[in-house]
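Here is a short tour of a single protein chain, from its overall build down to a few individual residues. Please keep the model open beside the text as you read.

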Amino acid sequence: MTPILKVLVGSRAYGLSDETSDTDYRGVFITPTSELLKIQPSSLLPNRVELEADDVNYEVGHFLNLALKSNPSILEIFVAPIVGDLGVEGAKLRGLFPYVWSSKGVYEAFTGYAQSQQKRLLNEPDYNRQWKFAVAYARVLLQAEYLLNSDSLVLVPTYALNALGEIRNGEWSVGQVINWVDELKRRVQIAYVHHPDKQSDPAKINEFLLQLRKNNW
């Protein structure tokens, strides 16, 4: 397992942390090609490794497959603050961002993720965790709108930081959150309607991945 990228994610990356916040990391690693070609149980070649509870790492092939589906948590890794030194392979990987996402993929994946956070918000009895889900609910839609309008992804648009901070601190009611998010859903839909044709480029991704496999025998 050769790491090529590590980033900071979560509240500390979003600018929404306090003294109680965890420090969350995500990373990408390469499994040597010679290991991939051996006959052995797939469990010995994991696609996802948790070095610690807050340090999740993805094998590069699995990572890129998820990226091509416009998975919100995966796309964040392309733009999140880098931890440590970024080598050539990590830099090339981050440079693939324009080729991995599609308008339809972003619209479906990000709104689907938001819907899952809504369910957790409405069904979570723990007050402190409830507001964590409320922030995630709004944040992912803010990201989708920004990406569809600009072809760029940000962890949190700066204009929304204060509002998300207030939600995190419990200053908004659930009803206020739902009302704001309903407006965000409408804005995301408009952004998608105005920019429906952006496509991913699997051939570009395969070109990178095959060369990476050759270089990491």
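## Charges and ground rules

Let us begin with the charges: the mean position of the 22 positive charges and that of the 25 negative charges of the chain lie 5 Å apart. Lys and Arg are counted as positive and Asp and Glu as negative, while His and the chain ends are not counted. Each charge is placed at NZ of Lys, CZ of Arg, CG of Asp or CD of Glu.

This is a predicted model, in which local features need pLDDT of at least 70 and side-chain atom pairs count only at pLDDT 80 or more, whereas totals for chains, interfaces and linings use all residues. Residues are numbered from 1 along each chain as its sequence is written, and side-chain values use heavy atoms, with hydrogens and water left out.

## The chain as a whole

The chain has 11 helices and four strands; these are DSSP runs numbered from the N terminus, with helices (H or I) of at least four residues and strands (E) of at least two. Along the principal axes, the C-alpha atoms fill a box of roughly 55 × 40 × 30 Å.

Of the 217 residues, 45% count as buried, where buried means under 20% relative accessible area, exposed over 50%, and partly exposed in between (1.4 Å probe, protein chains only). The accessible surface comes to about 11200 Å², and 50% of this belongs to carbon and sulfur atoms; the areas come from the Shrake-Rupley method with a 1.4 Å probe, and for residues only the protein chains shown count as cover. Among the contacts (heavy atoms within 4.5 Å) with a separation of 6 or more, 71% are between residues 24 or more positions apart.

Is Glu76 buried or exposed? Glu76 is buried, with a relative accessible area of 5%, and sits in the loop between helix H4 (72–75) and helix H5 (88–94).

Its side chain makes polar contacts with the side chains of Tyr14 (2.9 Å) and Arg139 (2.7 Å). A polar contact is a pair of N or O atoms within 3.5 Å; within protein, one must be able to donate a hydrogen and the other to accept it, and residues adjacent in sequence count only if both atoms are side-chain atoms. Not counting residues up to four places away in sequence, Glu76 also touches others, including Val9, Gln143, Leu153 and Leu155.

## Helix H3 and what follows

In helix H3 (residues 60–68), Val60, Gly61, Phe63, Leu64, Leu66 and Ala67 are buried. Glu59 caps the N-terminal end of H3, with a side-chain oxygen 2.8 Å from the backbone nitrogen of Gly61.

H3 is followed by Ser70, in the loop between H3 and H4. Ser70 is buried at 0% relative accessible area, and its phi is positive, near 60 degrees. Most residues other than glycine have a negative phi.

## Two aspartates in loops

Asp151 also has a positive phi, near 65 degrees. Asp151 lies in the loop between helix H8 (127–150) and helix H9 (161–168) and is partly exposed, at 39% relative accessibility.

Asp22 is found between helix H1 (11–14) and strand E2 (24–30) and is partly exposed as well, at 46%. Beyond its neighbours within four places in sequence, Asp22 is in contact with Ser11, Arg12 and Asp54.
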